[in-house]
Amino acid sequence: QRRGLIAANPFDGISVAMRTNHDRFHFVSRADAQKVLDAYPDTQWRLIFALARYGGLRCPSEVLALTWADVNWEHGRIRVPSPKTEHHEGGASRMIPLFPELRPYLLAAFEEAEPGIDHVITRYRDIGTNLRTHLHRIIRKAGLEPWPKTFQNLRSTRETELAEQFPIHVVCKWIGNSQPVAAKHYLQLTDEHFERAINDTAAHRTEAAQKAAQKPHATMRNQPQPATAECAGSPEIADGCEQSPSTAERFENRVVPCAGLEPATR
């Protein structure tokens, strides 16, 4: 239409807003992730999975674009090239920590890498390789059922985990998305959130019950005390006992005589 080739835009009035199907969310627990990692046949496949699950990288684009020059072992950081966002200002790459969960798989691949090789993942670079199909086979081999949006849910799981520990703006910088996108398409509600809420509520009720049980005893301590036999023996002390509602108030404003607290002796 802008070039004058057609008279009107045929897509006017058509909504292209992305809708999120939360039924396709799946949180890949660390226990399940370890089962899959243990079922993988080689070091590079384990690293592909670990980069997505613990590094939050997009697969295959960011995983296959990663080079050894991007890994800063000394400072514990990884520069992640991002072909998907490189057309945005500042979106060509992002920096993430060299997470402790990711380090052993990256180090194992580094030790096996041949000298002069640039890319971290050297196998499975053929454009015809379907990483998703192969991953489903490994998931079944691990005794699990393949989950929907296989690689994206690995990123989603990692972002949900990190959001529990770090500010959301920091997490979004690491994962490479915006806060609105993270809230709508990545952050998940997990069973752990429910368990934590139930346990915290139960602990709060127990604490409240304990305080309620202690309250009558505290009330009794604050009630006026009758004059004892010792008070009766001393007119000054007895007078204080009758007028003061509590032990603390009984001695609060009294002046101790120069003789001291101990009774005089012969």
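In this predicted model, helix α2 (residues 43-53) packs against helix α4 (residues 103-112). The angle between them is about 145°. Their axes lie 9 Å apart. The crossing of α2 and α4 is left-handed. On the α2 side, the contact is made by T43, R46, L47 and A50. On the α4 side, Y105, L106, A108, A109 and E112 take part. By type, the residues of this contact divide into six nonpolar, one polar and two charged.

Now step back to the whole chain. How many helices and strands make up its secondary structure? There are twelve helices and three strands. The protein chain has 266 residues, and 33% of them count as buried. The accessible surface comes to about 17,900 Å². Carbon and sulfur atoms account for 54% of that surface. Sequence separation gives another view of the chain. Take the contacts with a separation of 6 or more: 59% of them join residues 24 or more positions apart.

The strands come next. Strands of a sheet pair through backbone hydrogen bonds, either parallel or antiparallel. Here the three strands form an open sheet in the order β1-β2-β3, and the pairing is antiparallel. β1 (71-72) and β3 (93-97) stand at the edges. Each has a single partner strand, so one side of each is left without a neighbour in the sheet. β1 pairs with strand β2 (residues 77-81) over two bridges, in the antiparallel sense.

Turn to a loop residue. Q188 sits in the loop between α8 (179-185) and α9 (191-221). Is Q188 buried or exposed? Its relative accessible area is 9%. The cut-off for buried is under 20%, so Q188 counts as buried. What does Q188 touch, leaving aside residues up to four places away in sequence? The list is F25, H26, F27, N153, S156, T157, T160 and H193. One of these, S156, is 32 residues from Q188 in sequence. In space, the two are 7.3 Å apart, C-alpha to C-alpha.

Finally, the backbone. Most residues other than glycine have a negative phi, and most peptide bonds are trans. The peptide bond from C59 to P60 is cis, with omega near 15°. P60 lies in the loop between α2 and α3 (61-65).

Where does Y124 lie? It is in the loop between α4 and α5 (131-141). Y124 is not a glycine, yet its phi is positive, at about 60°. Its relative accessibility is 19%. That is under the 20% cut-off, so Y124 counts as buried.

K149 also has a positive phi, near 45°, and is a residue other than glycine. K149 is placed in the loop between α5 and α6 (150-163). Its relative accessible area is 24%.

Technical notes: Residues are numbered from 1 along each chain as its sequence is written. This is a predicted model: local features need pLDDT of at least 70, side-chain atom pairs count only at pLDDT 80 or more; totals for chains, interfaces and linings use all residues. Side-chain values use heavy atoms; hydrogens and water are left out. Axes are lines fitted to C-alpha atoms, for helices over the stretch in contact, and angles run from 0 to 180 degrees between N-to-C directions. Helices (H or I, at least four residues) and strands (E, at least two) are DSSP runs, numbered from the N terminus. A crossing is left-handed if the near helix is turned anticlockwise from the far one by less than a right angle, and right-handed if clockwise. Contact means heavy atoms within 4.5 Å. Ala, Val, Leu, Ile, Met, Phe, Trp, Tyr, Cys and Pro count as nonpolar, Asp, Glu, Lys and Arg as charged, and the others, Gly among them, as polar. Buried means under 20% relative accessible area, exposed over 50%, partly exposed in between (1.4 Å probe, protein chains only). Accessible areas come from the Shrake-Rupley method with a 1.4 Å probe; for residues, only the protein chains shown count as cover. Two strands pair if DSSP finds at least two bridges between them.
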